[in-house]
Amino acid sequence: MTLQDAQAFFTRYREAFNAGDGEAVADLWHSPSAIADSREGLGRVSWWAEDAPMRANMRALCAVYRDVGPHVWSFEIRDHIPLGSNHGFSRVAWTLRRADGELLQQFCTGYQLARMADGWRVLFCTAYQEDLSETRKHVAQ
């Protein structure tokens with residue numbers, strides 16, 4: 001996986017989030033897939049062996065971000081490690097701003113991507129900085 005492949009993938013991923021389209025986000029994940037994050041200071045892994053629970057998660061995540069009102073995502077790939085021609089790992093810095101430019105949140109996330117018959121997909125995500133409770137503080141009134 002080249003850096004250009006990763007750039008193209010995350011551009012599509014960003015556009016799906018900018019559209020608030022949980023189905024389009026889910027279309028960019030593999031089934032099965034997983035995400036590692038932490039809650040209350042403890043690491044955890046959410047494993048989606050089936051497509052439906054992963055899609056429900058992506059729709060719910062997009063709903064959280066839609067609740068902040070009109071917003072725009074941007075990203076920068078901070079690190080990219082090709083893992084052969086069919087895999088890669090990228091650490092991505094995300095920025096979320098209101099449509100008027102107000103900064104809402106910045107965080108980094110790591111993604112292991114794999115080439116599938118229908119394109120690049122997320123196999124595993126490490127959400128080590130994203131804080132949805134912080135995002136919920138900005139819900140549009």
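Author: Let us begin with accessibility: buried means under 20% relative accessible area, exposed means over 50%, and partly exposed lies in between. The model under discussion is predicted.

Reader: Why is Val-72 called partly exposed?

Author: Val-72 has a relative accessibility of 43%. Val-72 lies in strand β3 and, leaving out residues up to four places away in sequence, touches Asn-18, Thr-95, Leu-96 and Arg-97. From Val-72 to Pro-82 there are 10 residues in sequence and 28 Å in space, C-alpha to C-alpha.

Reader: What makes Phe-10 and Tyr-111 buried?

Author: The cut-off for buried is under 20%. Phe-10 is at 0% relative accessibility, so Phe-10 counts as buried. Tyr-111 has a relative accessible area of 4%, and therefore is buried too.

Reader: Why is the aromatic pair of Phe-10 and Tyr-111 called tilted?

Author: Two values decide the matter. The ring centres are 5.0 Å apart, and the limit for a pair is 6.5 Å. The planes stand at 55°; stacked requires under 30 degrees and edge-to-face over 60, so the pair is tilted. Phe-10 belongs to helix α1 and Tyr-111 to strand β5, which means that the pair ties together parts 101 residues apart in sequence. The structure holds 15 aromatic pairs. One aromatic cluster includes Phe-10 and Tyr-111, and among its other members are Tyr-13, Trp-73 and Trp-94.

Reader: Which residues touch the most other members of the largest nonpolar core?

Author: That core has 33 residues, and those touching the most other members are Phe-10, Tyr-13, Trp-29, Trp-94 and Tyr-111. Among the elements that give two or more residues to this core are α1, α3, β1 and β5. The most comes from α1, with six residues. Beyond its neighbours within four places in sequence, Tyr-13 is in contact with Val-25, Leu-28, Trp-29, Trp-94 and Tyr-111. In soluble globular proteins, nonpolar side chains tend to be buried together.

Reader: What makes β2 and β3 edge strands?

Author: Each of β2 and β3 pairs on one side only. The open sheet has six strands in the order β2-β1-β6-β5-β4-β3, with mixed pairing. Its twist averages 30° from one strand to the next.

Reader: How do you know that the length of α3 agrees with its number of residues?

Author: At 1.5 Å a residue, the 16 residues of α3 should span 22 Å; the end C-alpha atoms are 22 Å apart, so the two values agree. α3 lies across β1, β2, β3, β4 and β5, at about 55° to β1. Buried residues of α3 include Met-54, Met-58, Leu-61 and Tyr-65. As for α1, that helix lies across β1, β3, β4, β5 and β6 and runs at about 155° to β3.

Note on methods: Residues numbered from 1 in each chain as written. Predicted model: local features only at pLDDT ≥ 70, side-chain atom pairs only at ≥ 80, totals over all residues. Heavy atoms only, no water. Core = buried A, V, L, I, M, F, W, Y, C linked by side-chain atoms within 4.5 Å. Buried < 20%, exposed > 50% of the residue type's maximum accessible area, 1.4 Å probe, protein only. Helix = DSSP H or I, 4+ residues; strand = E, 2+ residues; numbered from the N terminus. Contact = heavy atoms within 4.5 Å. Phe/Tyr/Trp six-rings, centres within 6.5 Å; stacked < 30°, edge-to-face > 60°. Pairing = 2+ DSSP bridges. Axes fitted to C-alpha atoms, helices over the stretch in contact; angles between N-to-C directions. Expected span 1.5 Å × (residues − 1).
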